[in-house]
Amino acid sequence: MKRYKSTTIGCDPEFIIVNELGTVISPEVLFGWGLNKFRGNPYKSAYGEDGCLFEIRPGYATDTLRVVTKLRKTLKALANNAKGLKRHTWLTGHYPYNHALGGHIHIGGLNHNRDEVQPLISLLDYILDSGMSHWFDDQAQKRQRILYSHAQYGKRSVYRTTPNYGMYVATESRFQRIEYRTPGSFLISPKVTFLFLVFAKVCALIFLNGPNLSRDIIKSIKYIKRGKPLIERFIRLVRNIEYIKSQKDIQIAFSLIESIPERIKIDWNKDFKGEWRI
């Protein structure tokens, strides 16, 4: 049996918490010493902060369902252990309350330089940006994030290398992981989060097991209507590939896509705690 290359998927999506007066609560003010020193928290290594932004770090896994499960456990632990946070409004997306938020998807299993990894970045741009983001995201928020955030996060092809992530150590010119920073924060629901992560995994598997296939797929989808039509075409192109059809989380995601309408309206201004049953 042929052995295929595998990938790991992780993320560190950001969100903000707003009180009843409409004031964004700073984690630095709330905790003083920082979230990672939050005493009594079994998930302390999975919390982070960036100014006024809260950040969740669920680690990484080959199975994206495990990543989503860890996300929920970590969000729930934060809500239950941090006094008063549960009663406030938790917001995600691209640019709520003029705060730029990112999804920051980590993709591992690489051993490439920047030139070699470009087919993967291009495929992510088409699938996660032209496909998923155009389908699910608040486009007005997205435009604001691109326009006003530092480094113009939200633009296509924005990523950084993470040479010392986990057990991997990269040389100066080659790296084992990337952090793809184009998507906004996708924490609006477990389903949307899962779909963003699993399609990043599909892109990575295709790239790792056949870089030329990445380019061929882009040629086949680049003129397809953005949103669901593009995602459906992508699924038809890849669903029967051996290393794709053998992955349980990928097959679940492909089935979910069929049940979601092309014109879906998501309220990105609502508190996302309810969707996560926090």
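I searched the whole structure for aromatic pairs and found 10. I counted rings of Phe, Tyr and Trp (its six-membered ring) as a pair if their centres lie within 6.5 Å, with planes under 30 degrees apart as stacked, over 60 as edge-to-face and the rest as tilted. A note for myself: this is a predicted model, where local features need pLDDT of at least 70 and side-chain atom pairs count only at pLDDT 80 or more, while totals for chains, interfaces and linings use all residues. Residues are numbered from 1 along each chain as its sequence is written, and side-chain values use heavy atoms, with hydrogens and water left out.

**Ring pairs**

I looked at Trp90 and Phe272, which pair edge-to-face at 6.0 Å centre to centre, with 70° between the planes. Trp90 lies in strand E6 (residues 89-91) and Phe272 in the segment after helix H9 (248-259), so this pair ties together parts 182 residues apart in sequence. My helices (H or I, at least four residues) and strands (E, at least two) are DSSP runs, numbered from the N terminus. Trp90 and Phe272 are both buried, where buried means under 20% relative accessible area, exposed over 50% and partly exposed in between (1.4 Å probe, protein chains only). I also noted one aromatic cluster made of Phe15, Phe54, Trp90 and Phe272.

Next I checked Phe199 and Phe234: their ring centres are 6.3 Å apart and their planes at 45°, so I logged the pair as tilted. Phe199 sits in helix H5 (residues 190-209) and Phe234 in helix H7 (residues 228-238), 35 residues apart, which links distant parts of the chain. Phe199 and Phe234 are both buried.

**Charges over rings**

I then looked for charges over rings (NZ of Lys or CZ of Arg within 6 Å of the ring centre and within 35 degrees of the ring normal). Arg156 has its charged end over the ring of Tyr126, 5.1 Å from the centre. Arg177 lies over the face of Tyr60, 4.6 Å from the ring centre.

**H7 against H9**

How do the axes of H7 and H9 cross? They come within 11 Å and cross at roughly 145°; the axes are lines fitted to C-alpha atoms, for helices over the stretch in contact, with angles from 0 to 180 degrees between N-to-C directions. I find Lys228, Ile231, Glu232, Ile235 and Val238 of H7 in contact with Phe254, Ile257 and Glu258 of H9, taking contact as heavy atoms within 4.5 Å.

**Phe194**

I moved on to Phe194, in helix H5. Is Phe194 buried or exposed? At 5% relative accessibility, I count Phe194 as buried. Leaving out residues up to four places away in sequence, Phe194 touches Thr64, Leu65, Val68, Asp249, Ile252, Ala253 and Leu256. Phe194 and Val68 are 126 residues apart in sequence, yet 6.3 Å apart in space, C-alpha to C-alpha.

**Positive phi**

Most residues other than glycine have a negative phi. I flagged His104, which is not a glycine and has a positive phi of about 50°. His104 lies in the loop between E6 and strand E7 (105-112) and is buried, with a relative accessible area of 2%. Arg277 also went on my list, with a positive phi near 55°. Arg277 is in the segment after H9 and is exposed, with a relative accessible area of 70%.
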